[in-house]
Amino acid sequence: MSPVKVFGHPMLTNVARVMLFLEEVGAEYELVPIDFVAGEHKRSQHVQLNPFAKMPGFQDGDLVLFESRAIAKYILRKYGGTAGLDLLGENSGIEELAVVDMWTEVEAQQYYPAISPVVFECIIIPFIIPGGGATPNRSVVDESLERLRGVLGIYEARLEKSSYLAGDSISFADLNHIPFTFYFMTTPYAKVFDEYPKVKAWWEMLMARPAVQRVCKHMPTEFKLGAQY
Ligand SMILES: N[C@@H](CCC(=O)N[C@@H](CS)C(=O)NCC(=O)O)C(=O)O
């Protein structure tokens, strides 16, 4: 049977998220490149897969999905059992499952809104979006860093009690932090994490995972104006 297909560019955060979970479960997949600089994601062929004209698109036979976190859950439900990975906590009790769900929401509702403006201002707008080049908006960056410090303080307290956010085993909630944090760590503000030793150690544990390393090698750590990624 043909492998599942991921449509997008592997350097993009939400494409990387989907690839990460495919790599974690060891599933076979095909990455179908989309030239976003040329606006290929806005053309009808891609819009049939993702009506919001965003990446990734995802196809498994007749099933077409968009929204990277939902795709990632599908991947874990389809292949996680064979891989012996219960990252969603579905084989545990409803209490453990609820804790994974809670920290998964924290990533999407608290962490992502705090960290992403810094990544947008420092990397995505100046270097990746075609026609970029704008310098970072200082007040957006400062406000986001303040918000991020608030979130990281809560993570620090949590990680004093357990190795990972949802307990002593790694979960979906932890791994969802990879794509944006990876790029944040290439900004001049990476040292914010040094203020939170438990968070820093947790991040290093996540980065040491072979699947994470395989996906992150497609994500640049240096950015230049006019470079083709
Ligand atoms: N919530 C969506 C966000 C998708 C998204 O914004 N993808 C970005 C790449 S990481 C994109 O397609 N950007 C191109 C554009 O907005 O034109 C998801 O998680 O899949």
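Visitor: Which residues of α5 meet α8?
Guide: In this predicted model, Leu152, Tyr155, Glu156 and Leu159 in α5 meet Pro197, Lys198, Val199 and Trp202 in α8.

Visitor: Which residues do ring pairs link into a cluster?
Guide: The cluster consists of Trp103, Tyr111, Tyr155 and Trp202, linked by ring pairs. Tyr155 and Trp202 also take part in the contact between α5 and α8.

Visitor: How many aromatic pairs are there?
Guide: The count comes to 12 aromatic pairs. One of them is formed by Phe52 and Phe66, an edge-to-face pair with 5.8 Å from centre to centre and 70 degrees between the planes.

Visitor: Where in the chain are Phe52 and Phe66?
Guide: Phe52 is in the loop between α2 (44-47) and β3 (57-60), and Phe66 is in the loop between β4 (63-65) and α3 (68-83). The two residues are 14 residues apart, and their pair links distant parts of the chain.

Visitor: Is Phe52 buried or exposed?
Guide: Phe52 has 58% relative accessibility, so this residue counts as exposed. Phe66, at 31%, counts as partly exposed.

Visitor: Why is the pair of Phe184 and Phe193 tilted?
Guide: The planes of the two rings lie at 45 degrees, so the pair is tilted; the ring centres are 5.7 Å apart. Both Phe184 and Phe193 are buried.

Visitor: Over which ring does the charged end of Arg69 sit?
Guide: The charged end of Arg69 sits over the ring of Tyr112, at 5.7 Å from the ring centre. Arg69 also belongs to the contact between α1 and α3.

Visitor: At what angle do α1 and α3 pack?
Guide: Helix α1 (residues 13-25) packs with α3 at an angle of about 5 degrees, and their axes are 8 Å apart. Angles under 35 degrees count as roughly parallel, so α1 is roughly parallel to α3.

Visitor: Which residues make the contact of α1 and α3?
Guide: From α1, the contact is made by Asn14, Arg17, Val18, Phe21, Leu22 and Val25. The α3 residues include Arg69, Ile71, Ile75, Leu76 and Tyr79. The residues of this contact divide into 10 nonpolar, 3 polar and 2 charged.

Visitor: Changing topic, where is His41 found?
Guide: His41 is found in the loop between β2 (29-32) and α2. With a relative accessible area of 11%, His41 is buried.

Visitor: What does His41 touch?
Guide: Not counting residues up to four places away in sequence, His41 touches Ile34, Phe36, His46, Val47, Ala53 and Met55.

Visitor: And Ser162, buried or exposed?
Guide: Ser162 is buried, with a relative accessible area of 8%. Ser162 has its place in the loop between α5 and α6 (172-175).

Visitor: With which residues is Ser162 in contact?
Guide: Leaving aside its neighbours within four places in sequence, Ser162 is in contact with Gly167 and Asp168. The C-alpha atoms of Ser162 and Leu175, which are 13 residues apart along the chain, are separated by 16 Å.

Note on methods
Residues are numbered from 1 along each chain as its sequence is written. This is a predicted model: local features need pLDDT of at least 70, side-chain atom pairs count only at pLDDT 80 or more; totals for chains, interfaces and linings use all residues. Side-chain values use heavy atoms; hydrogens and water are left out. Contact means heavy atoms within 4.5 Å. Helices (H or I, at least four residues) and strands (E, at least two) are DSSP runs, numbered from the N terminus. Rings of Phe, Tyr and Trp (its six-membered ring) pair if their centres lie within 6.5 Å; planes under 30 degrees apart count as stacked, over 60 as edge-to-face and the rest as tilted. Buried means under 20% relative accessible area, exposed over 50%, partly exposed in between (1.4 Å probe, protein chains only). A charge sits over a ring if NZ of Lys or CZ of Arg is within 6 Å of the ring centre and within 35 degrees of the ring normal. Axes are lines fitted to C-alpha atoms, for helices over the stretch in contact, and angles run from 0 to 180 degrees between N-to-C directions. Angles under 35 degrees count as roughly parallel, over 145 as roughly antiparallel, 65 to 115 as roughly perpendicular and the rest as oblique. Ala, Val, Leu, Ile, Met, Phe, Trp, Tyr, Cys and Pro count as nonpolar, Asp, Glu, Lys and Arg as charged, and the others, Gly among them, as polar.
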